[in-house]
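The report below works through one protein model, from single residues to the chain as a whole. Please keep the sequence and the coordinates at hand while reading.

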Amino acid sequence: MAKPSSSKKVQRAAQAAAASRGHRERRERGFPLVLGLVMILGVTMVMFARASRAPAIAPFTDDHWHAAYGIYDCNRFIDPLLSQSDPDGIHSHQDGVIHIHPWNSSSTGADARLQVFFEAMGIRVSDDEISGPGIGVLEAGSDCNGEPTVIRVARWALPEGVADDEEMSLQELQEQVSELMELTEEYVDDFDNVRLLEDGEAFTIARIPADADIPQPPIDRLESSIASSAGNRLSSGPTATN
């Protein structure tokens, strides 16, 4: 016959084993619940990220924008260039205007950059040189009226709302475009990645002394750009949706 103390030990051992099994069973049942919650949370976060994603940015493939441009060397503008190819729909017709009507997604939105234009024109623009057909090689550091030169790119744009002002005729806008254009940015490097942001912009790609002012593209190119865009623009800027 077992002693009372032995019986108590057996009972305690049985109770401990039962408690251990219960804890293990609760843990095993709880694991799938935790895993399910993690999966639900993950799906929710993905859906939220998609919903809060920034809207598509222009230009789109349905757009037809124009931007005047000029290549300026020391004290003169080089004659307008003709595109060597046009794989992506950003090119020029030897009129001093960048025609921006992307054929495909590789040149729309944030990918609509000066690099696409440079490649279509067969030119190279870096902080070392401007080079290509009709240009030759314009090296930074070379002399301009006794001063060493640098490569710079400047952007101009019309003030917001001017191009859509119904009280201003196309002729009036053309006549005043040079005075209305505002210098918005100057770039000293990484020119390939300069974005094409809106219809009616203007760019000057220049080799000039470091302290010289970059001029606007010639007035006839500004006027041509404005005239070319009349009635063609669909979206107005980088935050437009399609």
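Serine 229 counts as buried because its relative accessibility is 9%, where buried means under 20% relative accessible area, exposed means over 50% and partly exposed lies in between (1.4 Å probe, protein chains only). Serine 229 belongs to helix α4, which covers residues 219–229; helices (H or I, at least four residues) and strands (E, at least two) are DSSP runs, numbered from the N terminus. With neighbours within four places in sequence left aside, serine 229 is in contact with His64, Trp65, His66 and Asp199, contact being heavy atoms within 4.5 Å.

The model is a predicted one, in which local features need pLDDT of at least 70 and side-chain atom pairs count only at pLDDT 80 or more, while totals for chains, interfaces and linings use all residues. Residues are numbered from 1 along each chain as its sequence is written, and side-chain values use heavy atoms, with hydrogens and water left out.

Two further buried residues are found in loops. Leucine 158, in the loop between β9 and α3 (170–180), is buried with a relative accessible area of 12%. Not counting residues up to four places away in sequence, leucine 158 touches Ala163, Leu173, Val177, Leu180, Met181, Gly200 and Ile226. Isoleucine 214, in the loop between β11 and α4, counts as buried at 9% relative accessibility. The residues that isoleucine 214 touches, again not counting those up to four places away in sequence, are Arg152, Ala154, Trp156, Glu186, Thr204, Ala206 and Ile208. The C-alpha separations of one pair for each of these two residues are set out here.

| Pair | Separation in sequence | C-alpha to C-alpha |
|---|---|---|
| Leucine 158 and alanine 202 | 44 residues | 9.1 Å |
| Isoleucine 214 and threonine 204 | 10 residues | 7.2 Å |

Backbone geometry is the next topic. Most residues other than glycine have a negative phi, and most peptide bonds are trans. Asparagine 145, however, has a positive phi, near 55°; this residue lies in the loop between β8 (143–144) and β9 (147–157), and its relative accessibility of 64% is why asparagine 145 counts as exposed. Aspartate 190 likewise has a positive phi, of about 55°, although it is not a glycine, and its place is the loop between β10 (182–187) and β11 (202–209). The peptide bond from alanine 58 to proline 59 is cis, with omega near 5°, and proline 59 is found in the loop between α1 (4–51) and β1 (65–73).

Aspartate 190 also takes part in a negative surface patch, together with Asp127, Asp128, Glu139 and Asp189. Aspartate 127 sits in the loop between β5 (124–125) and β6 (129–132) and counts as partly exposed, at 42% relative accessibility. Patches are made of residues with over 30% relative accessible area and no salt bridge, like charges being joined within 9 Å and nonpolar side chains (Val, Leu, Ile, Met, Phe, Trp, Tyr) within 5 Å. A salt bridge is a side-chain nitrogen of Lys or Arg within 4 Å of a carboxyl oxygen of Asp or Glu.

For the protein chain as a whole, the secondary structure comes to four helices and 11 strands, and buried residues make up 37% of the 242 residues. Of the contacts between residues at least 6 apart in sequence, 71% join residues at least 24 apart. The chain exposes about 13900 Å², with carbon and sulfur atoms supplying 53% of that area, as computed by the Shrake-Rupley method with a 1.4 Å probe.

Conventions: Lys, Arg positive; Asp, Glu negative; His and termini not counted. Charge placed at Lys NZ, Arg CZ, Asp CG, Glu CD.
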